[in-house]
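Please keep the sequence and structure in view while reading.

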Amino acid sequence: MGSKPDSRKNGWMLTDRLASGGVQRWRFVFPAIRDDTRDRCCIFIEYYACTEPSWRNKPEDKAESRAGKRTEGTTIRPAYFAVHAGIWGSGAVQYTHVFDEGEAEILQGPPFTAKAGECLFTEFETYGSIPGGDDPARQSHSGADPYFDLTDDTAIEWDIEFDKKVSYNAGASTSPFSRKIHASDAYWHAEGLVTEYTGTIIIGDVSYRTFPDAGSGYADVTWGSGFPSPGLWLWTTDLADSSGLPGTGDVLAVWGGNIRMNVPSGPDKKFFGALLNGKHRYDFNSMKTALTGSTSLKTRETDEAWTWHLILSGEKAMIDARITCPKSSMIRDELPSPLNRLQTYQRFTGTDGEGKILLCVRSGLFGSYEKRDEIIARHIVCACGCFRHKAG
């Protein structure tokens, strides 16, 4: 658990029960500098794969659609594969390409490789492009069955290398045994809690560059039979102490929400995350209910913003975070549900979240919490979402 890397969890995880009706997402997020204006922005590239949705299975096809165990060297062809990329925050824009069924190839490895059309990603690089006006996704998914909000006809292309420096590993809750019995409907592994990116991105006729001195990025993978609903993801490296002094190498990442459990467990809300503060690291894992105590999330939505009050307690520390993200800087998208054709997962994402985090630490497993610092957090990448029934 904690900072132990495990690149195997970045590979194909839709096995056993998830070989039918499973969804997996690989997410890459990093800062970039626009070449002509020197403006800074937040680039994202996400890959989605679904195994055969359970609502599409016919009895005679069930055995074939459930692919069973995946072994090293196996090539997998997902039933659904899409690439979603663009800018979050200021100048927000998003583009999507949905590939034809069976067009994508995922090689379990080692090394793990996923490719479809011009797009490819591994543990060390990603490159590709999303076409413009002739994108077949805009024709097949722009009517009554939209998976994503699509924008104009401008294309995006990228060629990026990355180096994952700091990890978050949820440990037993994502172990082979937990996955075998399908203990949870959603899993998270952040091999790249802090990641260095290098490369170029072109959106239309505008070029961007990313490099380590531009700031740290992020990379993770989520999988399961769905997503936390409602769910919340927060990440930032822009942290300062109560005096305003920025930290070096500090990072906050939190993921979770209402996750359906298929085994006896504690409260419905399950959160995971880590806070690196100076020379200290604090991990939070609400699956370890005997040690972590309470988890609390209160969400408030207004016409102008989303606000969250999140309390997480771990073995060594507790954080009390109050975060606000203005809607004006957020974009909405929709992700496919592998379990229900009448549902989509609607998500709002922005990069201008800010707030305060009260950090309390304790000595000993059952000691009392004592305030250590009040951390000022800025430029928080915020994503919240939930399943909703499709209109009509």
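Arg209 has a relative accessible area of 34% and is partly exposed (buried is under 20%, exposed over 50%, partly exposed in between, with a 1.4 Å probe and protein chains only). The model is predicted: local features need pLDDT of at least 70, side-chain atom pairs count only at pLDDT 80 or more, and totals for chains, interfaces and linings use all residues. Residues are numbered from 1 along each chain as its sequence is written, and side-chain values use heavy atoms, without hydrogens or water.

Arg209 pairs with Asp35 in a salt bridge, with closest N and O atoms 3.3 Å apart (a side-chain nitrogen of Lys or Arg within 4 Å of a carboxyl oxygen of Asp or Glu). The two are 174 residues apart and link distant parts of the chain: Arg209 sits in strand S12 (residues 206-210), Asp35 in the loop between strand S1 (23-34) and strand S2 (40-50). Strands (E, at least two residues) and helices (H or I, at least four) are DSSP runs, numbered from the N terminus. Asp35 is also partly exposed, at 31% relative accessibility.

## Other charged pairs

The count is 14 salt bridges. Asp163 and Lys165 form one of them, at 2.9 Å from N to O. Asp163 is partly exposed at 37%. Lys165 is partly exposed at 48%.

Glu374 bridges to Lys356, with 3.8 Å between the closest N and O atoms. This pair too links distant parts of the chain, 18 residues apart: Glu374 lies in strand S24 (residues 370-389), Lys356 in strand S23 (residues 343-361). Relative accessibility is 29% for Glu374 and 49% for Lys356. Shared partners join Glu46, Asp333 and Arg347 into one salt-bridge network.

## The Glu123 site

Is Glu123 buried or exposed? Glu123 is buried, with a relative accessible area of 17%. Its place is the loop between strand S8 (119-121) and strand S9 (125-130).

The Glu123 side chain makes a polar contact of 3.0 Å with the side chain of Asn10. Another, of 3.4 Å, reaches the side chain of Lys164. A polar contact is a pair of N or O atoms within 3.5 Å; within protein, one must be able to donate a hydrogen and the other to accept it, and residues adjacent in sequence count only if both atoms are side-chain atoms. Beyond neighbours within four places in sequence, Glu123 is in contact (heavy atoms within 4.5 Å) with Ser7, Asn10, Phe112, Phe162 and Lys164.

## Cavities

There are six cavities of 30 Å³ or more. On a 1 Å grid over the protein atoms alone, a cavity is a set of points where a 1.4 Å probe fits but cannot get out; lining residues have an atom within 4 Å of a point. Grid points are joined across faces, edges and corners, and a volume is the space filled by probe spheres set on the points.

The largest cavity has a volume of about 120 Å³. Its lining has 14 residues, with Arg25, Trp233, Trp255, Tyr345 and Ala383 nearest the centre. S1, S14, strand S16 (251-258), S23 and S24 each give two or more residues to this lining. The second largest cavity holds about 100 Å³. Of its 13 lining residues, Ser173, Ser184, Ala186, Tyr187 and Phe272 are closest to the centre. S11 gives the most to that lining, with three residues.

Note on methods: 1 Å grid on protein atoms, 1.4 Å probe; cavity = no way out; pocket = protein on both sides within 12 Å on 5 of 7 lines; lining within 4 Å.
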